Structure formats: structure tokens, C-alpha cells
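Dear colleague,

I am handing over the structure below, and after it I set out what was found. Please read the notes with the structure open beside them.

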Amino acid sequence: MNEATNDGVERSLAIWEILSVITSCLIAEWVITAVVGASSVLIIVPIIFAFGFMFWSHRLRGESLREIGFRFDNFGKAAQLLALPMVFATAILIGIGYYNRSMDFFRWRGGGAILGMPLLGIAWGLLQQYALQGFINRRAQIVWGPSIVSILVVAVLFASFHLPNPVLMAATFVGGLVWATIYQRAPNLFALAISHGLMTWILISTIPSSLLHGLRVGYKFIG
Amino acid sequence: MPSLTDPPSEDNCGTLMDTTRSKLSRILIGKSIAETVFVGLLAVGFFFTAFPPYFHGFGEARHDSISGWAVNNRAPWDRVEVQLFIDDRFVASGVANLSRPDVQQAGWARDEWHGYSFPVSNIGAGVHVASVYAVHKSGGGIRRTLQLLGYPIRFAVDENGKLADLVDRGPKK
């Protein structure tokens with residue numbers, strides 16, 4: 001096989017890998033939730049498929065945890081890159097909350113532990129950022145290189161996972177753009193997870209609950 | 001060691017050996033097949049849960065009612081909840097628990113208590129269509145589905161309000 005063909009096959013495989021993970025997410029969000037309900041244990045099946053596949057893919061491609069972004073050496077650089085957009089987004093969200101009189105930093109889970117839920121949010125954020133950046137972003141870079149195109153693809157996919165919740169789609173599209181850009185500069189999933197958890201907390205605490213629809217996505221949003 | 005700004009294509013996930021590509025492709029195909037089978041099983045499972053194919057029944061127009069019987073073959077001792085629609089409009093709801101020894105004798109039910117009868121009055125003269133549905137709850141009561149029992153019943157109502165079944169069922173025994 002010549003180099004051009006090799007490259008084409010490589011890209012096709014990477015696109016297929018992205019599509020495969022998207023399919024699993026959509027099955028979980030739309031099919032399982034519609035057919036057996038979001039609380040069903042069956043929801044774990046597509047999650048196992050997706051994560052199992054991602055692990056296999058990393059292994060076959062010889063990607064180390066460090067390359068994927070489970071590292072600390074570039075934590076400072078990633079945190080530095082995240083700081084400005086986070087401060088900017090927080091200011092806007094607090095402005096919206098102040099204007100709508102909807103600010104309540106204890107709102108998450110009805111005023112449960114102020115640190116408990118954000119910590120859970122960080123853990124949940126790590127899972128999401130791993131799939132989004134550690135897998136999809138890396139595969140998108142194989143296809144389109146580290147560019148605005150691959151960043152846009154990641155952001156659009158992240159937003160589409162939150163269909164049809166309009167506020168979450170808008171928030172995740174913007175968040176996706178920022179996190180994908182920073183990941184391409186400093187691949188550190190821990191910094192992104194902390195940012196994800198904190199921004200989720202600030203979003204929930206400032207945007208009126210009626211607009212967030214309980215963070216419901218997929219069939220659960222309409223069902 | 002890749003630098004922080006290296007795209008994946010410049011480190012070890014950029015170019016793959018043929019065998020690795022082949023393995024990755026096979027895993028992708030396997031995952032696709034597994035997910036297709038999983039979604040297919042879910043769809044069939046959902047259909048069996050929401051619309052179980054175990055309901056059987058029959059209905060006809062009598063002089064002053066729509067009557068018939070309904071059985072759930074999966075739970076033959078249960079009494080089936082039924083709903084009557086006339087011309088696609090809900091009319092009445094009830095439970096098929098009236099005596100129908102002929103149904104048991106014909107082998108359709110284990111006991112005779114599977115009959116239903118909905119009195120029909122205040123309906124305009126002319127031709128109408130009645131449909132009787134078995135009601136089934138699933139998902140812990142969050143879903144209720146209707147399944148047609150037998151066939152829609154075409155009947156006529158005369159000026160005196162008497163019903164006449166328009167389905168030709170052959171000579172009466």
C-alpha cells in the first residue's frame with residue numbers, strides 16, 4: 001500500500017472509531033432511555049461497549065495513559081490556559097444569574113453538600129473529558145490534524161450528545177470549543193475534569209432551573 | 001517523548017501496522033454487530049413487554065350491546081381489562097369476567113369467566129364500527145397499551161336503537 005492509501009485508511013479508521021463511540025452514546029441516551037428507562041441497569045451495556053472499545057483502541061494503537069492526558073507534568077500549563085476562559089464564562093453566568101435573580105450556589109441536588117456534588121461533578125467530568133478529548137479529540141486529530149476543524153468536530157459532537165436540551169447544547173458547544181482547544185495544546189484530563197465539574201456547578205447555580213430542564217438530555221428530555 | 005503540542009499522528013497512534021489495522025477493524029465490526037443485536041433484542045423485548053402477543057378474543061354486535069370474550073393466554077386465570085371504542089371514540093371500559101361457557105368448551109379459555117358485554121344506547125342510526133381492545137400495563141404501570149381483540153365489528157343501528165351485526169358469519173347453528 002502506498003503512503004496516500006495508508007493515510008486514507010488511517011483516517012477512515014479514525015472516523016469509524018469516532019462514529020462507533022457516538023453510536024454507543026446515542027444508544028444509551030435515546031434507545032435505552034426510551035425503551036426501558038434511564039434507571040435501567042441495561043444502560044451499562046452501551047457504556048461498557050464504548051469504554052471497552054476505547055481501551056482496546058488505545059492498546060492497539062500503543063497509546064499510553066500519559067499520552068491520553070492522565071498526567072500531572074502539564075497540569076499547570078493546562079490550568080493556566082483554562083483560567084481565563086473559566087473566569088470569563090463564570091462572569092457571564094453570574095451576570096445572567098444576577099439579572100434573573102436565579103443565583104443559588106446550594107441548588108445542586110437541593111442544597112446538598114457544597115463540595116460533595118462538585119466533586120462528583122469532577123469525577124463525572126473526568127469520564128466525559130476522557131471520552132471526548134482522550135479519545136474523540138485524538139482520533140479527530142488523526143483525521144484533520146490539530147486544527148480548528150478537529151476542535152469544531154469535538155465541540156459539535158459534545159453538543160450533539162446533549163440534544164435536544166437547547167441551553168445545555170449551547171453551553172457544551174462553547175465548553176467543547178474551549179476544552180478541545182486547550183487539550184490540543186496541553187493534554188491534561190485532570191485539569192479539564194476540574195474545569196468541567198466547576199463550570200457545571202456554576203451553570204446549575206446561575207442559570208434558571210426552568211431553562212436547564214434538570215440537565216436532562218436525549219429521550220429523557222422529552223419523555 | 002512527544003511534545004505537548006504533538007498531534008496524535010506524530011506519535012505512536014498515527015501510523016498503524018497492517019495487523020493492528022486489521023485487528024481494530026475486526027473489533028469495530030464486532031462492536032457494531034454486538035450493538036445491532038443488542039438494540040434488536042431491546043426492540044423485540046420492548047414489543048413483547050408493551051404489546052404481548054398473548055391476548056385473544058372475539059366480539060360481535062347483539063341487539064343492544066357489543067359482546068364477546070377476551071383471554072390472556074399467558075395468564076389464563078386473569079380477567080382481561082377491555083375498552084370499547086365506537087367509530088374510533090372511547091365509549092366504555094370494563095373487565096371481561098362474565099360467564100361464557102362456550103368459550104371454555106371451545107378450548108379458548110381454562111374457565112368460563114372471560115366474557116364481556118357493553119350495553120350500547122344513544123347512538124345514531126346508521127352503520128358504525130366498534131373495536132374492543134385489551135388493556136395491558138407495563139413498565140411498572142407507567143405504560144398502558146391497547147391491543148385489538150379479534151376484528152373491528154361493523155354493525156348497523158336502526159331507528160329503534162336496535163343493533164345488527166353486519167359481519168357475515170355464515171349460517172347460525
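The axes of helix 2 (residues 44-61) of chain A and helix 1 (residues 18-50) of chain B come within 11 Å and cross at roughly 180°, where helices are DSSP runs of H or I with at least four residues and strands are E runs of at least two, numbered from the N terminus, and where axes are lines fitted to C-alpha atoms, for helices over the stretch in contact, with angles from 0 to 180 degrees between N-to-C directions. By class, the contact of helix 2 of chain A with helix 1 of chain B has 10 nonpolar, two polar and three charged residues, with Ala, Val, Leu, Ile, Met, Phe, Trp, Tyr, Cys and Pro counted as nonpolar, Asp, Glu, Lys and Arg as charged, and the others, Gly among them, as polar. Residues in this contact include F49(A), F53(A) and W56(A) on one helix and L24(B), I27(B) and F38(B) on the other; two residues are in contact if their C-beta atoms, placed from the backbone, lie within 7 Å.

This is a predicted model, in which local features need pLDDT of at least 70 and side-chain atom pairs count only at pLDDT 80 or more, while totals for chains, interfaces and linings use all residues. Residues are numbered from 1 along each chain as its sequence is written, and chains are lettered from A and ligands numbered from 1 in the order in which they are written.

As for the contact between the chains, 32 residues come from chain A and 28 residues from chain B. The side of chain B that touches chain A has 14 nonpolar, nine polar and five charged residues.

Within chain A, helix 4 (residues 75-100) and helix 8 (residues 189-206) pack at an angle of about 5°, with their axes 10 Å apart, which makes helix 4 of chain A roughly parallel to helix 8 of chain A. Their contact has 15 nonpolar, five polar and no charged residues. G76(A), in helix 4 of chain A, counts as exposed because it has 12 C-beta neighbours inside 10 Å, and its C-alpha atom is separated by 8.3 Å from that of A191(A), 115 residues apart along the chain.

Chain B has two helices and 10 strands, and buried residues make up 22% of its 173 residues. Four of the strands form an open antiparallel sheet in the order 1-2-6-5, two strands being paired if DSSP finds at least two bridges between them. Strand 1 (55-61) and strand 5 (98-99) of chain B each have a single partner strand, so one side of each is left without a neighbour in the sheet. Strand 1 and strand 2 (residues 65-72) of chain B pair over seven bridges and form a hairpin with three residues between them.

Terms used:
A residue is buried if 20 or more other C-beta atoms lie within 10 Å of its own, exposed if 12 or fewer, and partly exposed in between; C-beta atoms are placed from the backbone. The expected span of a helix is 1.5 Å times one less than its number of residues. Angles under 35 degrees count as roughly parallel, over 145 as roughly antiparallel, 65 to 115 as roughly perpendicular and the rest as oblique.
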